[in-house]
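Dear colleague,

Please find the structure below, handed over for your review. My notes on its aromatic contacts follow.

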Amino acid sequence: MSGEASKAIEPKVLWGGGRSPFSISYGKIMMWIFLVSDALTFGGLLVGLGFARHAAVTKGFAWPSSEQVFTHFPFTHEHLPLLYVAFMTFILIISSVTMVLAVEAGHRMDKKKVAFWLALTVVGGAIFLGSQVWEWSTFIAGPDGDITTWADNATLKQNFFLPISTEGGHAILGMEGPQAYAMFFFFITGFHGFHVFTGVVFNFIILMNVLAGTYEKRGHYEMVEKVGLYWHFIDLVWVFVFTFYYLV
Amino acid sequence: MERDDIIEYSLHSHHSAEEGVKLRKKIYFVTALLSVITIIEVLVGVFISRSANEGTGLWEAIKMGYIVLTLIKAGYIVLVFMHLGDERKYFKWMILVPYILFLLYLIFIALNEAIAVGEGMKL
């Protein structure tokens, strides 16, 4: 699958200069370097979530339980914990699979199949984005709103907020516990959603190029592989967000 | 102008139809595996609630289980879907080792500090 990289080459030749010792083109290496830096950003955000949560719980704040917060499903008011986010996760995994199938078809120079699988990937990404819009709007303004980043949201079903102190007769509401939970929700899923949006745009542009025959002429479909790396990375991040935000 | 001083690694990545069949089989296997793991995670999340079990040994075990399952999923995505497992050894470790070392250190230091901060500011 990686062609040149799986070929056995004498170390002396491999590291002797005049070629990439990794047998990877410049563009693909740079995509990997970018993904490492982006993974550090997401790692920082998730570790930040862990910091806020451990500090808040040690101080004595409540930390909402995700299976009590994410209980909504479109078109119904049934209590269905975690099912909608499971659906979103599944969509993202499947769109990752269609992407890897597009890359595989690209290695066989099968233009029709590449276009087919890439188009499905774009559709999957769009469904995920739409789901996220629904999830956000439910929590911000919906009648079932459970979490908020501000204290006096009248639509809240459950009031999570604990006053820190009552100096001068005013209850001072903390930014910890449930509010921090909500802020991390919007920041992390928002940052991830922005990546998904970018990925869908990239995939769409590459799909147009595939249809126009750009890569057929070039002799290889490496651009599909590069946007594929980015798209798999989005799925990878979501696997961690799913565990550390929704499950643990 | 044709350049002959650049090795076009991307031109060597083609494979035959038979190899494609084998690769697709692997892809479908990983798909099934990722789906099954996700279903298990969701079922555990739905039927064993954190709020009811927090602080017990059961919840600690579930938490560890979640982390292990997540790392398995991440490994399959990176090594199979992103083909990092098929790249050269040095490239693979150049990507993985600095990241893993830095993140382990960050997790260790941040979570320890979080508890220290919390202890100092108890309600």
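Over all chains there are 24 aromatic pairs, where a pair means rings of Phe, Tyr and Trp (its six-membered ring) with centres within 6.5 Å; planes under 30 degrees apart count as stacked, over 60 as edge-to-face and the rest as tilted. One of them is the tilted pair of Phe22(A) and Phe91(B), with 5.3 Å centre to centre and 55° between the planes.

The model is predicted: local features need pLDDT of at least 70 and side-chain atom pairs count only at pLDDT 80 or more, while totals for chains, interfaces and linings use all residues. Residues are numbered from 1 along each chain as its sequence is written, chains are lettered from A and ligands numbered from 1 in the order in which they are written, and side-chain values use heavy atoms, with hydrogens and water left out.

Why does the pair of Phe22(A) and Phe91(B) join two chains? Phe22(A) lies in the loop between helix H1 (11-14) and helix H2 (26-59) of chain A, whereas Phe91(B) belongs to helix H4 (residues 89-120) of chain B; helices are DSSP runs of H or I with at least four residues, numbered from the N terminus. Phe22(A) is buried at 12% relative accessible area, and Phe91(B) is buried at 0% (buried means under 20%, exposed over 50%, partly exposed in between, with a 1.4 Å probe and protein chains only).

Within chain A, Trp238(A) and Tyr246(A) form a tilted pair, at 6.0 Å centre to centre and 50° between the planes. Trp238(A) is buried at 0% and Tyr246(A) at 1%. Both belong to one aromatic cluster, whose members include Trp63(A), Phe128(A) and Trp136(A).

Kind regards
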